[in-house]
Amino acid sequence: MKQFLDMVLESAERQPVRLLRILRAVQDRYRHIPEQAIDIIAEQLKISRTEIIAVVEFYSFFHRQPQGRYDILISDSITDWMLDKANIMSYLSKVLKVDVGTVRGDGLVSLNNTSCTGMCDQGPAGLINGYALTRLDRPKIDDMAVLIEQAVPLSEWPAEFFQVSDNIQRPGLLLQQAIAPGSGLTRALARGLKETLTEIEKSGLRGRGGAGFSTAMKWRFCAEAQSDRRYVVCNADEGEPGTFKDRVLLNSYADQVFEGMTLCAALIGAEQGYLYLRGEYRHLEDKLQKILQQRRDDGLLGQNILGQELNFDIEICMGAGAYICGEESALIESLEGKCGIPRNRPPYPVTQGYLHKPTVVNNVETFMAAAAIAVNGGDWFKGAGTERSAGSKILSISGDCAKPGIYEYPFGVAIKQILSDCGAVDVQGVQVGGPSGSFISDQELERQLAFEDLATGGSFIVFNNSRHVLDVVKNFTHFFAHESCGFCTPCRVGTSLLKKQLDKIVDGHGSAGDVAALEELCQLVKNYSHCGLGQTAANPVLTTLQRYPELYQRQLKKISYEPGFDLDGALEVARRMANRDDAGAHLTQVEE
Amino acid sequence: MSKTIRIDGKEIPFEEGQTIMEAASAADVYIPHLCHHPDYTPHGSCKLCSVQVNGRNCTACTFPALEGQDIISQSQELQEDRQRITQMLFVEGNHFCPGCEKTGNCQLQAVGYYLNMLDNHFPHFYARREMDASHPDILIDHNRCIFCNLCVRASREKDGKNVFAISGRGINKRLVVNSSSGQLKDSDIDVNDSAVHICPTGAILIKRQGFRVPIGQRIYDHHQIDEVALEQESESHGR
Ligand SMILES: Cc1cc2nc3c(=O)[nH]c(=O)nc-3n(C[C@H](O)[C@H](O)[C@H](O)COP(=O)(O)O)c2cc1C
Ligand code: SF4
Ligand code: SF4
Ligand code: FES
């Protein structure tokens, strides 16, 4: 182990900021992070063992107990459930002879759930040893079982298991034509860097990660912050269930994304950039490394880019299963090798980000758009979209529609139009912007996609009339409770209470006061949480309570109070021990 | 001319770089808090000190005081919500006040009194948490930890030792001890460390001290926490 760790630590240059990378290597090799490894890493990086334990226990993909040699995780996204995930899971469990959440006795295989893996257009999906599995069905599972029992290494498995399709259904402004590598930078240098920033300002580009902050303004703030060093970070954490556009952009337009990052670096004066790639997109890692190398070889990264006095390089940092790391300050903490806990603000990342230096964090699509604007100019972009939402938006569409996949529209498009294009019929409602966004009903399909009306990071999940809205809400609420970082009270405790309270109602144990209590709890979690996760965690409940109050009411018992505790059920053991089951051995706790 | 902020209608002077909590405390205005202590880097996790700054909720312990801020702290709505947040802390762990050695000296309990908390409101988690009684002088009862991070900060910032950390995610968070066995006895903690004396609840206790001060004669049996906090903290905030 010592030898292996030496090699891993050496390649990470013994830098504590690369702790995640080191732990990923250890997890891959030993299928967990052994105690002994923790001691060695602690000693070598000169950090405490508790710091390592904290990181290991924070991220879903690290374990302190060995996982199976084939570690299978099945995506828990609502879209997977709609594609019969429950069945897939029980079949896997049966065929592989392993209970969900456990490691098989012989250590060969382990099976568990995981949050959305970003394959909602081709589920039911999962991961095996970190690599994406798509379109799972029974025949595929039968084949998998054979390969696993024969211990065939993953590298020798048929490629079709790992096929990830782009599913670009409707290209628009950006997707129709990728820019040629280097053309954005060449144009920017010819035009002048200052002028190019003005051009981006003129374009009206706003961040594509959800919040919609002006990109030019963010870059300008960062450039103006006093510092000897600056950083550019591309946020490819994409953990919002239903969102998978960044996966496609990085698979087929990575050059342009890297070009956008390099452009930003030139404009703000940064020499180092990071692509923070979610662990679930491990299948993209090698490909992206090759593209980076190609760009170095072509003089588009590294020293003296395009023969100018421009130095910039990009490193890929892989996440390890934590939705919260998409929040920009949590992402920065994670980049620094720590738990992804959002920082206090102010200060903001543009003045104190990575290693407390000014840092620009932008979404994948934002960088891609910026590169195109450098080539085509601000007016070209501004020409599409609406007054306050310039340009186009790339959407990840999944759920009940004939053609799930990637769609690009100018901002301002009506929801109705989108639904008709993707072949959605008998629509009951649409989740716009993922669980943190809004659930809109079929009465609102005239509404527009734009910051003025319905803003979105790109997730668009369609539900037809065969679906139960409360199942959707339950799935999302469990997701947030699972993904809360746990830093602050209202979110750590609040999201878990929300889950309990909602389950009580959905499972038919709620009574009149329970909906009011649910709503009160929603407001608390929303108003007092530290970061965007907690502030939006109650949105699934709030947006559906507003639109479908009767769905909640219908679940309620007709009594005024229903205890959360089953008194008679708790007596079951005593009854068995006393060997009696007469009327006197039962208690009712409320008069029906 | 010194700059001022306004808290509940009262003009309060502040110095550049002060947080709202610091300015308030120096001016004898109490804002409820648990994870904050004037000697340590602000944490901003308990959320009890939430105030409305120009209509927006912020934590007073981390948010900088800035000219022109109009702050609401004592409204009925805020006090009720703080009560709910305190109740969350109570149901998350296992707090049996009458049987706890810290009773009467516990800040969590005292904040509960201050906010007129009469029940726990929320369903209990009944979390199964352990006790670490391995150390000859010090006891950790994990049932009462509220993850305020004060022991972590005190050990790091004052004792220079780094004995504690908070591990895990979400509701599974737990306090971990920096030693090969994970037990307190194998760490380099000492009963005189600041970290041992800072805990606002009964999670970290000193052994063989039990009932030295009888119940009924303890701090918060006689004084409200606002009074005690201002007396102890306003000076260090004054700088
Ligand atoms: C819980 C949470 C998760 C987030 N996840 C992402 C994400 O996966 N990708 C992303 O670009 N932004 C995400 N964001 C928003 C980022 O914090 C940040 O606003 C964004 O990366 C800025 O880039 P932009 O200006 O290009 O939109 C998330 C925010 C929160 C609160
Ligand atoms: S709101 Fe939730 S995710 Fe955000 S800091 Fe608080 S506990 Fe962490
Ligand atoms: S042990 Fe005490 S001081 Fe430490 S985090 Fe828990 S409650 Fe805070
Ligand atoms: S005292 Fe401010 S958040 Fe805890």
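Student: How much area is buried between chain A and chain B?

Tutor: This is a predicted model. The size of an interface is often given as the accessible area lost when the parts come together. Here, carbon and sulfur atoms give 55% of the area buried between chain A and chain B, and the total is about 3,200 Å².

Student: How far apart are the closest N and O atoms of B:Arg84 and A:Glu520?

Tutor: The rule finds 4 salt bridges across the interface of chain A and chain B. A salt bridge needs the nitrogen within 4 Å of the carboxyl oxygen. B:Arg84 and A:Glu520 form one, with their closest N and O atoms at 3.0 Å.

Student: Which element gives the most to the side of chain A that touches chain B?

Tutor: Helices H4 (49-58), H18 (469-483), H19 (489-506) and H20 (512-528) of chain A each give two or more residues to that side. The top contribution is 8 residues, and it comes from H19(A).

Student: How many charged residues does the side of chain A that touches chain B have?

Tutor: In total, 37 residues of chain A are in contact with chain B. By class, 16 are nonpolar and 13 are polar. The charged residues number 8.

Student: Which residues come nearest to ligand 2?

Tutor: The shell around ligand 2 has 8 nonpolar, 5 polar and no charged residues. Of the 13 residues there, the nearest are A:Cys485, A:Cys488, A:Cys491, A:His530 and A:Cys531.

Terms used: Residues are numbered from 1 along each chain as its sequence is written. Chains are lettered from A and ligands numbered from 1 in the order in which they are written. This is a predicted model: local features need pLDDT of at least 70, side-chain atom pairs count only at pLDDT 80 or more; totals for chains, interfaces and linings use all residues. Side-chain values use heavy atoms; hydrogens and water are left out. A residue is near a molecule or strand if one of its heavy atoms lies within 4 Å of it. Ala, Val, Leu, Ile, Met, Phe, Trp, Tyr, Cys and Pro count as nonpolar, Asp, Glu, Lys and Arg as charged, and the others, Gly among them, as polar. Contact means heavy atoms within 4.5 Å. Buried area is the accessible area (1.4 Å probe) that two parts lose on being put together, summed over both. A salt bridge is a side-chain nitrogen of Lys or Arg within 4 Å of a carboxyl oxygen of Asp or Glu. Helices (H or I, at least four residues) and strands (E, at least two) are DSSP runs, numbered from the N terminus.
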